[in-house]
Every structure is written in structure tokens, then in C-alpha cells.
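Take the points in order and look for each element as it comes up.

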Amino acid sequence: MKAADITEDQEDLNHGEADVRPVIVIEHLYKKFGDLVVLDDFNLVVKREENVVVLGKSGSGKSVLIKCIIGLLKPDKGNILVFDQNIPLLGHDDLDRVRTKVGFLFQGNALYDSMTVRENLEFPLRRHWIDFSQQKVDELVMEALNNVGLPHTVDMMPAELSGGMLKRVALARTLILKPEIILYDEPTTGLDPVTAREIDNLIIRLQKKYHTTSIIISHDMNCVKNTADRVVLLSGGKCYAQGTYPDFEASADENIKQFFE
Amino acid sequence: MHGFATKTRFFLNETGSLSRFTARFFSVGVKPRYEVKELLAQCYIIGYKSLPLIALTAFIMGLVLTMQLRPSLVVYGVESKLPIMIGIAIVREIGPVITALIFAGKIASSIGAELGSMKVTEQIDAMEVSGTNPYKYLVATRVMAATLMLPVLTVLGDAICLFGAYIGVNMHTVTSYRLFIAQVFQDLTFGDFLPAFIKTFFFGFAVGAIGCYKGYYSSKGTRGVGNSANAAVVLASVMIFVIDLLAVQITDLLGLN
């Protein structure tokens with residue numbers, strides 16, 4: 001199967017399920033750094049409760065893409081509609097309101113290293129729900145930690161945790177605001193295969209529990225296989241191909257095949 | 001010639017960037033919602049935790065200054081003027097400037113390194129994603145704390161420096177502390193104290209803003225963090241002298257000298 005075929009198949013799939021509203025619509029996205037064009041007329045539609053994995057080589061612009069979606073980077077051209085709000089045009093306050101519905105799991109976890117796990121999890125809660133009692137905050141913190149199987153780490157510092165535990169705590173922090181969309185930036189990078197599999201399972205379990213929509217950036221094919229409802233290949237700044245994991249596995253396209261070698 | 005042009009362009013770019021960064025303090029940092037808890041935490045870290053270092057250096061400075069000045073005054077037969085000379089030197093110039101330099105060495109580097117490491121580990125991005133304005137939470141609170149704490153530290157440092165000077169005077173003659181203080185304040189006026197006190201607010205603001213600026217725009221991994229901390233101290237120290245020079249000119253023009 002060729003890349004174009006996969007894309008056409010997916011378009012058919014999208015049209016066939018018209019009742020499923022898209023929560024993210026990216027149109028003609030263009031972003032460059034200096035003379036380096038990273039995203040060049042990139043388009044993508046993500047439906048509610050869908051797990052989309054964006055696959056691509058290192059430096060292909062995968063992280064730039066999700067940072068544009070969350071508003072950390074401003075695209076040079078194009079629209080990014082999240083819940084029908086055009087992210088590049090939003091002011092700071094409106095962007096913050098959208099961000100309460102969008103979680104972001106950083107590649108390096110980005111836990112605040114001067115705070116305990118409890119304080120890390122409390123931080124986003126305290127910013128958005130000032131009126132919550134301490135008891136309510138404690139309940140939500142423990143619920144989030146129970147979800148990732150780490151309630152005993154609540155008073156530990158991030159420096160005391162292993163790589164896999166850090167990733168889980170970061171995921172718990174992402175989940176604590178109960179986001180409707182979660183953006184994962186290479187969630188299994190740097191983890192051993194067993195821990196990586198555990199993180200994959202956690203992503204799937206939490207997606208089912210909270211009915212979240214996910215965009216997962218990865219070049220770990222096990223992660224792609226385990227988590228993807230749909231795979232999108234980002235190459236040359238464009239959406240080169242999209243389809244299911246079996247479609248990609250069966251593809252004869254050289255650009256796709258190299259990820260399976 | 002090409003190198004000079006590049007360095008000039010870099011200098012102008014940095015100056016513009018630092019000016020814009022600092023201007024954001026007045027447009028973003030002073031608007032609600034106020035980060036009172038973080039401000040108090042930073043006042044504790046920046047002010048209270050700097051006190052032992054400031055106190056130690058101030059005491060030694062007062063002692064050494066007295067020991068160095070005394071022989072010259074003895075030669076001219078004006079040893080009795082030692083307390084007032086030391087008082088003027090400490091209150092008007094040495095106290096504020098040396099305290100600010102020690103403060104810059106400790107605080108600008110620590111803020112630069114802290115924000116720099118937060119930047120390269122994406123903690124600042126994480127803060128932004130969680131709906132917190134990192135400039136308001138991290139920068140405005142640190143700049144405000146440095147601006148408020150340095151004047152307090154300077155007053156305390158001046159007092160401890162004078163105590164060191166008193167010990168220095170007593171190494172050769174027996175003088176009561178009450179007499180020493182009376183001699184120090186004999187010719188000191190509010191006009192000596194006020195301009196020196198006011199300029200410490202500007203010193204503190206410069207130290208906080210430069211430390212935050214260098215950390216906030218840190219890049220290139222751990223080496224970048226080290227460079228940020230180093231550059232923050234150097235630039236803050238230079239800025240203290242520039243502000244001091246301007247302050248002297250202004251007080252001179254106003255006839256306060």
C-alpha cells in the first residue's frame with residue numbers, strides 16, 4: 001500500500017463517521033526557524049476519543065507540531081482549531097482557558113524539581129481552582145497518583161524517583177485537571193522496554209477511563225503499535241501518510257518501511 | 001572591523017531584549033493576580049538567607065576599613081575624625097555598593113542558574129501549559145523580592161559594618177559604643193543617607209531583572225545554565241556601577257552631595 005492510498009483510506013474513514021466531531025483541526029500549518037522549514041502546509045484532523053500517533057524521524061518537527069497545538073510556539077501561517085478555538089489567534093487568558101482542557105506530557109517530564117510530588121500535582125489545581133478546599137485537593141492528588149499506581153510517592157521529591165516513576169508522576173500531573181485532550185511528547189523515550197510497555201498500557205487504560213483524545217509523538221514502534229488508533233507520518237514538514245498500524249506495517253513505501261526495519 | 005560590528009550588533013540586541021524583558025515587569029508583573037505566597041517565599045530566600053553572608057562581609061569590611069584608614073589619619077593628627085570618615089564612607093558609598101555586589105554574586109547567579117535549569121528542562125513550558133504565566137510567577141516575584149530586600153540588607157549591612165569599625169577603633173583606643181555612634185552621626189545628615197538608600201532599590205531591581213533575564217533565555221543545555229549564571233553576575237555587577245555613577249550625577253545635580 002502506498003502512502004497516498006493510506007491517506008485516502010483514512011479520509012474515507014473520516015467521512016464515513018460524520019457524527020464524530022473533530023476536536024483538533026490543523027489547516028495549512030507552516031513553521032520555520034531561520035531558514036529551516038519544519039512544518040510546511042501540514043494538515044490533520046483528530047476526532048473525539050481518538051488516539052493519533054505522529055510518527056517521524058528525529059528533527060522532523062513532531063515536537064514543534066504539538067507545541068504549536070498547545071500554544072507554546074506560534075506558527076508562521078495556518079490555523080490550529082482546538083474545540084473550535086483558533087489557538088494562534090487567542091489572547092493569553094483565552095489560551096489559558098483552552099489549556100485547562102488540554103494536557104501535555106513532556107518528553108523530559110518537566111516536573112518541578114524544587115517541589116514534592118504532592119506540590120507538583122497541586123500546582124495546576126491551585127492555579128485553576130482556587131476555591132478548592134485542602135481536603136478536595138488532597139483527594140484529587142491521591143486519585144491521580146492511584147491512577148498511575150504511585151500513591152506512596154506523594155511526599156517524595158522528583159530526584160528520588162526512577163525514570164519510569166517520573167513519567168508516571170508527570171502523567172498524573174497531566175491528568176489532574178481531567179483534560180479532554182492529552183498531547184504526549186515521546187512518552188516512552190529513554191525507558192527500558194518493560195517500563196515503556198507499562199507506560200503504553202497506562203496511556204490506553206487512562207484514555208478508556210477518561211475518554212480523552214490523544215496525540216502521541218513517537219518513533220518507538222512498540223508504542224505506536226500499542227497505542228495508535230491511527231498513525232500519521234510527518235515527513236518533509238507535511239502529513240506524508242496516515243492510516244492504521246497494520247496499514248503502515250504492510251506498506252511498500254520506503255519512507256514508511258524504514259520505521260519497521 | 002567585522003568582529004566589532006558583530007559585537008556591536010550583539011550588544012544592541014541584548015540591550016533591546018533586556019529592556020523589553022524589564023518593561024514586561026511593569027506591564028505584566030504588577031497586574032493582578034498577585035503571587036503573594038511566591039513573593040514571600042522569594043523574600044525569605046533572597047533576603048533572609050543572604051543575611052549571614054552580607055553580615056560577615058560587612059563586619060570584615062568595617063574592621064579592615066578602620067585599620068587601613070587609621071595610620072594615615074594619625075600622620076595628619078586627625079585620628080579623632082576616624083568615626084565620621086568611616087560613617088560617611090559606609091553610609092554614602094561603600095555600604096550600598098559592596099552589599100549590592102555581594103548580593104549580585106549570590107542572588108543573580110542563583111536566580112540565573114535556577115531559571116536556566118528550569119528553562120532547559122522545560123519546567124517553564126510546563127508552567128505555561130498548566131495555565132500559569134511564568135513571567136508573573138517566576139520573574140516578577142524574584143525581581144520584586146530583590147528590589148525590596150536589598151535596601152533592608154543594606155541598612156543592616158551598614159549597621160554591622162559600623163560595628164566592625166567600632167571594633168577596629170577599639171583595637172587602639174578605648175571608646176564606648178555610644179560615643180563612637182555619636183561621633184559617626186555627628187556630621188551625617190539625612191541627605192547622606194537618603195540618596196544612598198534610594199539607589200539600593202535600583203541596585204536590587206537590576207540584580208533581580210538581570211538574573212531572571214539571563215536564566216529565562218538560557219539555552220544550550222547544562223553549559224548554557226552555567227553561562228547564564230556567570231553572565232548574570234558579571235552584567236549585574238557592571239550595572240550596579242553604572243547605576244551608582246548615574247545616582248551620583250543625579251544627587252550632584254540636585255545639590256544633595
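The numbered points below go through the two chains and the place where they touch.

1. A word before anything else: what you are looking at is a predicted model. Keep that in mind for every point that follows.

2. Now zoom in on E3 of chain A. Strand E8 (residues 213–218) of chain A and E3(A) pair in the parallel sense over five bridges, and there A:Val54 faces A:Ile217 of E8(A). Strand E3 (residues 51–55) of chain A is also joined to E9(A), running parallel, by four bridges. In that pairing A:Val53 is opposite A:Val231 in E9(A). As background, strands of a sheet pair through backbone hydrogen bonds, either parallel or antiparallel.

3. Is E9 of chain A mostly covered or mostly open? Five of the six residues of strand E9 (residues 230–235) of chain A are buried, so to speak mostly covered. The next strand along is E10: E9(A) and strand E10 (residues 238–243) of chain A pair in the antiparallel sense, with five bridges. A:Ser235 has A:Lys238 as its bridge partner in E10(A). Look at the turn as well: the hairpin of E9(A) and E10(A) has two residues between the strands, and A:Gly236 takes a positive phi near 60° there.

4. Chain A has another open sheet, made of four strands. Their order is E2-E1-E4-E5, and the pairing is antiparallel. Strand E2 (36–47) and strand E5 (85–86) of chain A are the edge strands, each pairing on one side only. Further in, strand E1 (residues 22–33) and strand E4 (residues 77–82) of chain A run antiparallel and are joined by five bridges.

5. On to the helices of chain A. How do H4 and H6 of chain A lie relative to each other? The axes of helix H4 (residues 117–128) and helix H6 (residues 163–175) of chain A come within 8 Å and cross at roughly 25°. That angle is why H4(A) counts as roughly parallel to H6(A), the cut-off being under 35 degrees. On the H4(A) side the contact uses A:Val117, A:Asn120, A:Leu121 and A:Pro124, and on the H6(A) side A:Val169, A:Ala172 and A:Arg173. Sorted by class, the residues of this contact are five nonpolar, one polar and one charged. The crossing of H4(A) past H6(A) is right-handed.

6. Pick out one residue of chain A next: A:Glu139, in helix H5 (residues 134–147). Is A:Glu139 buried or exposed? A:Glu139 has 12 other C-beta atoms within 10 Å, and because a residue with 12 or fewer counts as exposed, A:Glu139 is exposed. For a sense of distance, the C-alpha atoms of A:Glu139 and A:Gly71 are separated by 30 Å, while the two residues are 68 apart along the chain.

7. Chain B is built from helices: nine of them, with zero strands. The C-alpha trace of chain B spans about 65 × 50 × 35 Å along its principal axes. Of the 257 residues in chain B, 42% are buried. Among contacts in chain B between residues at least 6 apart in sequence, 88% join residues at least 24 apart.

8. H3(B) passes H6(B) in a right-handed crossing. Residues in this contact include B:Leu51, B:Ile54 and B:Ala58 of H3(B), along with B:Leu153, B:Gly157 and B:Ile160 of H6(B). By class, the contact of H3(B) with H6(B) has 19 nonpolar residues, five polar and no charged.

9. Finally, where do the chains meet? Eleven residues of chain B are in contact with 15 residues of chain A. The side of chain B that touches chain A has two nonpolar, six polar and three charged residues.

Notes:
Residues are numbered from 1 along each chain as its sequence is written. Chains are lettered from A and ligands numbered from 1 in the order in which they are written. This is a predicted model: local features need pLDDT of at least 70, side-chain atom pairs count only at pLDDT 80 or more; totals for chains, interfaces and linings use all residues. A residue is buried if 20 or more other C-beta atoms lie within 10 Å of its own, exposed if 12 or fewer, and partly exposed in between; C-beta atoms are placed from the backbone. Two residues are in contact if their C-beta atoms, placed from the backbone, lie within 7 Å. Ala, Val, Leu, Ile, Met, Phe, Trp, Tyr, Cys and Pro count as nonpolar, Asp, Glu, Lys and Arg as charged, and the others, Gly among them, as polar. Axes are lines fitted to C-alpha atoms, for helices over the stretch in contact, and angles run from 0 to 180 degrees between N-to-C directions. Angles under 35 degrees count as roughly parallel, over 145 as roughly antiparallel, 65 to 115 as roughly perpendicular and the rest as oblique. A crossing is left-handed if the near helix is turned anticlockwise from the far one by less than a right angle, and right-handed if clockwise. Two strands pair if DSSP finds at least two bridges between them.
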